[in-house]
Amino acid sequence: MSPRKLVGLYPGSFDPVTLGHLDIISRAVKLVDHLVIGVATSPAKAPLFSLDERVAMLRAEAGRIGGRATIEVRPFKTLLVNFAAEVGAQLIVRGLRAVSDFEYEFQMVAMNQRLSAEVETVFLMAAPMHQAISSRLVKEIAHLGGDITPFTTPAVAQALIERSKEQS
């Protein structure tokens with residue numbers, strides 16, 4: 001009997017994907033055999049990029065990450081625990097940047113545990129150099145004409161700059 005593969009799920013809106021997200025992905029692939037990156041529809045967040053654009057960006061950027069785990073990028077618009085069951089995930093991977101993230105994440109873990117005790121949540125701290133990065137701040141910097149190259153990959157920075165110009 002072959003051992004069961006450990007499947008992790010890293011969910012988010014990824015609008016856009018940042019170096020902080022990629023840092024968490026690069027460390028998550030060391031913990032699991034297969035990592036599903038779940039891109040949430042997030043209509044309440046009024047995303048700058050469409051769901052298809054965010055999925056495409058993540059596929060391109062995550063495809064450059066090495067490691068023993070396979071990576072799959074999939075959109076989802078269901079409850080997180082339902083999506084975790086759909087993809088066979090035993091772990092939900094969440095990134096923490098600062099103490100301020102913890103309160104929200106703590107509440108989410110408690111609710112997810114009530115909805116499904118089958119899935120555990122694992123927190124990975126962002127590397128110190130990425131702790132201040134958030135998609136919201138990166139979008140704001142881009143919209144105001146600031147330099148976003150320290151916070152995203154070149155391809156994502158270009159897409160964000162172009163989108164910001166379109167909306168100005």
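**Close-up views of a predicted model**

Figure 1. S134 sits in the loop that joins β5 (120-125) to α5 (135-143). The model shown here, and in every figure below, is predicted. S134 has a relative accessible area of 10%. Buried means under 20%, so S134 counts as buried. Leaving aside residues up to four places away in sequence, S134 touches T18 and R97.

**Figure 2. L137 in helix α5.** L137 belongs to helix α5. The relative accessible area of L137 is 33%, and the residue is partly exposed.

**Figure 3. The whole chain, for orientation.** The protein has six helices and five strands. Along the sequence they follow the pattern β-α-β-α-β-α-β-α-β-α-α. The radius of gyration is 16 Å, close to the 15 Å that the globule rule gives for 168 residues, so the protein is as compact as a globular protein of that length. The C-alpha atoms fill a box of roughly 55 × 30 × 30 Å along the principal axes. Of the 168 residues, 45% are buried. Take the contacts between residues at least 6 apart in sequence: 76% of them join residues at least 24 apart.

**Figure 4. The surface and its charges.** The protein exposes about 9400 Å². Carbon and sulfur atoms supply 58% of that area. The side chains include 18 positive and 17 negative ones. The centres of the two sets lie 3 Å apart.

Figure 5. Helix α3 covers residues 80-87. Its buried residues are L80, V81, F83, A84 and V87. Seen down the axis of α3, these buried residues fall within an arc of 160°, so they line one face of the helix. An α-helix has 3.6 residues a turn, so residues three or four places apart point the same way. What does the face turned away from the buried side of α3 carry? That face carries the exposed residues A85 and E86. Just after α3 comes G88, with a positive phi of about 75°.

Figure 6. L22 lies in helix α1, which runs over residues 19-28. Is L22 buried or exposed? L22 is buried, because its relative accessibility is 12% and the cut-off for burial is under 20%. With residues up to four places away in sequence set aside, L22 touches V17, E61, A62, I65 and T153.

**Figure 7. R163, a buried arginine in helix α6.** R163 has its place in helix α6 (residues 154-167). Its relative accessible area is 16%, and R163 is buried. Which residues does R163 touch, not counting those up to four places away in sequence? They are L48, F49 and E53.

Methods
Residues numbered from 1 in each chain as written. Predicted model: local features only at pLDDT ≥ 70, side-chain atom pairs only at ≥ 80, totals over all residues. Heavy atoms only, no water. Helix = DSSP H or I, 4+ residues; strand = E, 2+ residues; numbered from the N terminus. Rg over C-alpha atoms; globule rule 2.2 N^0.38 Å. Buried < 20%, exposed > 50% of the residue type's maximum accessible area, 1.4 Å probe, protein only. Contact = heavy atoms within 4.5 Å. Areas by Shrake-Rupley, 256 points an atom, 1.4 Å probe, with all protein chains shown as cover. Lys, Arg positive; Asp, Glu negative; His and termini not counted. Charge placed at Lys NZ, Arg CZ, Asp CG, Glu CD. Arc of directions from axis to C-beta.
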